[in-house]
Amino acid sequence: MEHFFENTFVQTASYFSVAVLGIIVFLAIFELVTKYSNWVEIKKGNLAVAMATGGKIIGISIIFHYTISQHASLLGMLVWGVFGFFLLLLSYFMFEFLTPSFNVDEEIKNGNHAVGFISMVISIGLAFVIGASIIAT
């Protein structure tokens, strides 16, 4: 049984499964902190919400890419993935804080494509920074 867990296919499936589960859990957390329902808005065709949510999915995936490539254990990958996610979540709150002239969630919910696009770019861009920071440790 010990050799089973050393099999490359089993390890790949393990990393993939944990990363997908992480994306689902982290998206659920993002759903809790936003003032709108991502999937309801996307179903209605709200492109701003789709862009912001897509940016979060890509951002979380980028973070997991770095954690998988940097850490040899599933536990290490998971710990750094969770830490990276919380940094990404912090950046979401910083974006809201740094735009006092308007409410980011309200603008995205109302379909403001520009705000949705900037939200997406921030999520993706900072995910690369977070990932590089994970590699530096």
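Accessible areas here come from the Shrake-Rupley method with a 1.4 Å probe, and for residues only the protein chains shown count as cover. This is a predicted model: local features need pLDDT of at least 70, side-chain atom pairs count only at pLDDT 80 or more, and totals for chains, interfaces and linings use all residues. Residues are numbered from 1 along each chain as its sequence is written, and side-chain values use heavy atoms, with hydrogens and water left out.

**Whole chain**

Show the protein chain as surface. Its accessible area is about 7,800 Å², and carbon and sulfur atoms hold 74% of that. Switch to cartoon. There are 6 helices and 0 strands (DSSP runs, H or I of at least four residues for helices, E of at least two for strands, numbered from the N terminus). The C-alpha atoms fill a box of roughly 55 × 35 × 20 Å along the principal axes.

**Helix H5**

Select residues 104-109. This is helix H5, and Asp-105 is in it.

**Around Asp-105**

Show the side chain of Asp-105. Is Asp-105 buried or exposed? Asp-105 is buried (under 20% relative accessible area; exposed is over 50%, partly exposed in between, with a 1.4 Å probe and protein chains only).

Now show the backbone. The Asp-105 side chain reaches the backbone nitrogen of Lys-35 at 3.1 Å.

Note on methods: Lys, Arg positive; Asp, Glu negative; His and termini not counted. Salt bridge = Lys/Arg side-chain N within 4 Å of Asp/Glu carboxyl O. Polar contact = N/O pair within 3.5 Å; in protein donor to acceptor, adjacent residues only side chain to side chain.
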